[in-house]
Structures are given as structure tokens and as C-alpha cells.
Number of protein chains: 2
Amino acid sequence: MAEREVDRSVSQTVKAQLALRDQILSGTLRPGERISELQAVETTGASRTPVRMALVRLEEEGLLEAIPSGGFMVKAFSERDISDSIELRGTLEGLAARFAAERGVSARELEPLKECLAAIDELLRQVPISIEAFSSYVALNARFHALLTELSRSPPLIRQIDRASALPFASPSAFVMAQSALPEAQQILIIGQEHHRVVIDAIENREGARAEAVMREHARLAVRNLRLALRNRTHLDLLPALARIMTATD
Amino acid sequence: MAEREVDRSVSQTVKAQLALRDQILSGTLRPGERISELQAVETTGASRTPVRMALVRLEEEGLLEAIPSGGFMVKAFSERDISDSIELRGTLEGLAARFAAERGVSARELEPLKECLAAIDELLRQVPISIEAFSSYVALNARFHALLTELSRSPPLIRQIDRASALPFASPSAFVMAQSALPEAQQILIIGQEHHRVVIDAIENREGARAEAVMREHARLAVRNLRLALRNRTHLDLLPALARIMTATD
DNA sequence: TGTATGCGCTATGTATACAATAACTGGGAG
DNA sequence: CTCCCAGTTATTGTATACATAGCGCATACA
């Protein structure tokens, strides 16, 4: 190669990891397919060492599976896998909410959460919600969940929640995306927002069990709606990454 | 090097990973200490590439922390980190028990669990329990937890529980070890066994909420006893790995 | 004497060469 | 015609060489 002008500001490992993840989520690499290191080297521009590091990280992340005889393949997920992953994240977020409530949170710490809540309230006043408002909602919702997780002040728990959310279909955003495919989207967003409101109230009043319960309910709502959305196969194109990765027959 | 007679049956990466983990847990590498790749190459016998792979995996596992400027250091844990990790695992195992109960488990699948239960019952008939019986108990207890996890039939959940148990102090065995330091060890083992009995009963009767609740109680018992054991600093030498890794001041 | 700057060394990130194994293909025999 | 074995090829696992960035120490100047 002549163009040895690599960008040193970000490591080749990270670049390869991002590029490969993108290839998986965009469908360039299909589930079950073995990933050729050589091919990955060509498409990512990095050399074999950083590519291999990226592959290991993606395996730990859950997007790849190690092949016993060597190498990696793209993992395939069933509908059950996906709903379990959402429920799993909800359970962990429930624990985070409980920790926050039991350990106490200052008003100052709760402020960003309340701002998020208010911003979403504002968006939901529109009927029907616009496309732009919807993408704002997705961002705000992700922020709300991240802030809530932080409130637990438990590094091990935060770490696990991050890991559980790494799978694209288990992230809070995926939850909202799935909802968007349904005709009842607006109502669902409103219910979700009510859950957010209750969890803040529970944390403020140091009601651990209630905070936990509502977050778990929040996740179950997501699971229910995901199932509904998947029944309407016509809506699947709204969830392209999901449709591509969900090929296992359960 | 002249002795180029490496064992090809297990990869150098795995060997390096095991060796480094052992060095961390045995205290050769101390928390906060930067891990030198060169030194790791010398002590493990593998070359830099597998050593680096092992370091990445140990980071994902949670034993190491990446240093922004490059390289890895041994992570330090606080008492809070450790009790949170145990509660975290208990929460996940609770979800596994719930899944098993709700989704139904055949008598044949439950059989190994019941055998485990009976074997532990047998051990606990000894008063006081002997050292050999105690190590059998540790093994049987770990097996019980692993079997229970499997019953959830949820690969994503099983994966997360394995990850949560990877940290040495969060594994079911650590729980028992911590207990062993207490004068009331025998009683605690009996209570733990009662939890095991109840969770099987709940799964058999498809009582998801009860199965979940008892597993969470099981974890809280572990947390409580760990705290008690840590109060008795004289007992800390019974938990050497724990004492070494737990240096963060919280 | 203290601080700042520059030089050198060491350790990490990256690239590539080499070795070994697993898969595939072609040919031969039953 | 099919199945099995062997050879070849391609791909992964491992080792090492090279480049670069960061860190420390020493020296010089204020």
C-alpha cells in the first residue's frame, strides 16, 4: 500500500471495530456467515492485529460467535433471544432504580432526569407526533435511561447495563423504534412517559420496590410491543437492523 | 528460546489468559498496578500477540481496566462493588428461575437439580461439617447454580449470568467461601439449602414470582454474610483473593 | 536551588512474516 | 457411481520486527 497516511488520532482497533459492527448491522455481513480476517483487513483498512482485537471485542459484545475450529461468525438471534434481552435490560434497570431509591439521590442529581422528562412531555403534546419530534424523543429517551442507570452509583451494575444495551436490539432506542411501527405508537409513548414519571417519583420518595417494579413493567411493555410489531411483518422494514439479525428460528 | 516445544492442544491465548488471571488472583499482580506486556510475555511464555488478546479478554471480563494512554492495569474493587456484584448475580439468577418456572420444565430436566439437592442434604447431616465435605459442598453448590441458570433456556440470560459470575468474588463459590469464615457457617448453609429447595418447588409448581423472590433472597443472604465476614478482619485470610483485590476505598 | 526544556529510552500500537491446521478438491479404487 | 484418501490451498494462530508516542531524567538557565 502506498497511502500510508493513517489517522493516528483514533486507534486502528477502534476503527476496525466500528467498521465491522457497521457491516454487521447494515447487513453486509449476514448472520451465520464466517468472517474472513483477510476480507476484514481489506474492508477496514487496518492490518490483521487490530482486526483481530476488534473481532475479540465484538465477540465479547455479543455480535460475534467464536467458531471452535477458529475464527468468528456473525451471531443470529431469535425473537425469543431479543425479547429476553430486553427483559434482561429492564431487570437490570429495575435494580438500578432500586439502588437509586434505597441509597438516596439529591435533588440536584435528579434535576437532569426531570429536565428530560419535561422535554419529552413537551414533545408528546403534539398529536400526531412529527418525525423530527420522534427522533428527538429517541435521543431523550436514551438519555433518560442512561441518567437513571448512573443514579444507581454502582459501577458493576452500570457496566452490566451497558453490556446488556450493547446489542442493538436491546438498547432503549430499539424499544422506541419497535413501538414506532405500531398504529398505537402515540399511546405507547405516553404510557412509557408515565413509567418515567413514576420511577422518578419513587426514587424521590425512596420507594425502592416501586421504582424497581415500574422499570420492569417498562421493559415488559417494550417486549409486548416488539412482539406486536413483529407480527405485522409489513412493519419490519422500519426495523432493518433487527430484521437482518433476527434469523434464528428459535 | 530453544524450548520451542509448545503444547498445541490449547491456544497460547487461553494459556496466557489463565496465567494472567492466576497472577491477579494470587496477588502477584496488585490492584492499580500497570501490567507490562513484556513482563507478561516472560511470565506466561506466550508471545505478545496472544498476551494482548488475553489482556483484552480480561478487560472485558472486568479484572483489568484500560489505561487511556495505553496498556492495562489491575482493577481495584470496593466492598460496595463486591456486594453489588453479588446482588446483581442474584437478580439475574432470579430472572432465570422465573423464566424456568414460567416456561415450564420437565421432570427429567429437574432431575439433576434434585440430585444436587439430595447430595447437599447428605453432606449437611454431618455436624460439624468436615473440610472435605465442605469442598464437596462448594462444588455441588456451583453445580446447582449452573444447572438452575441453564433451566432458563435463555442464551442471552445465561451469557450474562456467566459474565456476572466471572468476577471471582461474584461466583456462587465465593458466596460459600465467605460464609465459611463465620461461626454460624453451618446454619447459613442450611438456610441456603432451604432456598435451593424452595426454588425447585416453585419451578415445579410454575410459581415464577416465588422462584424469583427466593433466589434474590439467596443473594441477599450472601451479601449479608459477606459483610459480616468482612467485619471480622481476622477471617479475611480465609478469603485471600478477595482481600487482595478489594483495595478500593469505596 | 528550582524549574523548564530537550533528549533518550521504554513500552505500546501496528504491520507482516511464518507455521500449522482445517477445509476442499481431485483422483483412484471399490 | 460413490466414497474415501491424499494433496493442495487457504485461513487462522503465533511470533517478531518496526514505528511512534509517552515518560523520565538530566542538564542548563534563571
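Two strands pair if DSSP finds at least two bridges between them. In this predicted model, chain B has an open sheet of three strands in the order β1-β3-β2, with antiparallel pairing. The edge strands are β1 (34–35) and β2 (64–66) of chain B, and each pairs on one side only. Strand β3 (residues 72–74) of chain B pairs with β2(B) in the antiparallel sense over three bridges. Within this sheet, B:Glu65 stands opposite B:Met73 in β3(B). Helix α3(B) packs on the sheet and touches β1, β2 and β3 of chain B. The direction of α3(B) makes about 105° with that of β2(B).

Chain A also has an open sheet of three strands, ordered β1-β3-β2 and paired antiparallel. In chain A, β1 (34–35) and β2 (64–66) stand at the edges with a single partner strand each, so one side of each is left without a neighbour in the sheet. Two bridges join β1(A) to strand β3 (residues 72–74) of chain A in the antiparallel sense. A:Arg34 stands opposite A:Met73 in β3(A). The UniProt record, an unreviewed entry, places the annotation "domain: HTH gntR-type" on residues 10–77 of chain A. Over residues 10–77, chain A is 53% helix and 12% strand. The end C-alpha atoms of this stretch are 31 Å apart.

The two chains were then compared. The same surface serves both copies, as 100% of the contact residues of chain A recur in chain B. The contact takes 18 residues from chain A and 18 residues from chain B. On the side of chain A that touches chain B, the elements giving two or more residues are α3, α4 (79–103) and α7 (155–166) of chain A. This side of chain A divides into eight nonpolar, five polar and five charged residues.

The largest share, three residues, comes from α3(A). By class, the surface near DNA strand C has four nonpolar, 11 polar and four charged residues.

DNA strand D has 18 residues around it. Of these, A:Glu37, A:Gly70, A:Gly71, B:Gln12 and B:Ser47 come nearest. Here α2 (37–44) and α3 of chain A and α1 (12–25) and α3 of chain B each supply at least two residues. The largest share of the surface near DNA strand D, three residues, comes from α3(B). This surface has four nonpolar, 10 polar and four charged residues.

A helix pair within chain B was also examined. Helix α4 (residues 79–103) and helix α9 (residues 185–204) of chain B pack at an angle of about 35°. Their axes are 7 Å apart. In this contact, B:Ala97, B:Ala100 and B:Ala101 in α4(B) meet B:Val199, B:Ala202 and B:Ile203 in α9(B). The residues of the contact are six nonpolar, with no polar and no charged.

Key. Residues are numbered from 1 along each chain as its sequence is written. Chains are lettered from A and ligands numbered from 1 in the order in which they are written. This is a predicted model: local features need pLDDT of at least 70, side-chain atom pairs count only at pLDDT 80 or more; totals for chains, interfaces and linings use all residues. Two residues are in contact if their C-beta atoms, placed from the backbone, lie within 7 Å. Helices (H or I, at least four residues) and strands (E, at least two) are DSSP runs, numbered from the N terminus. Ala, Val, Leu, Ile, Met, Phe, Trp, Tyr, Cys and Pro count as nonpolar, Asp, Glu, Lys and Arg as charged, and the others, Gly among them, as polar. UniProt positions are given in the numbering used here, feature names are shortened, and annotations may be inferred rather than shown by experiment. A residue is near a molecule or strand if its C-beta atom, placed from the backbone, lies within 6 Å of it. Axes are lines fitted to C-alpha atoms, for helices over the stretch in contact, and angles run from 0 to 180 degrees between N-to-C directions.
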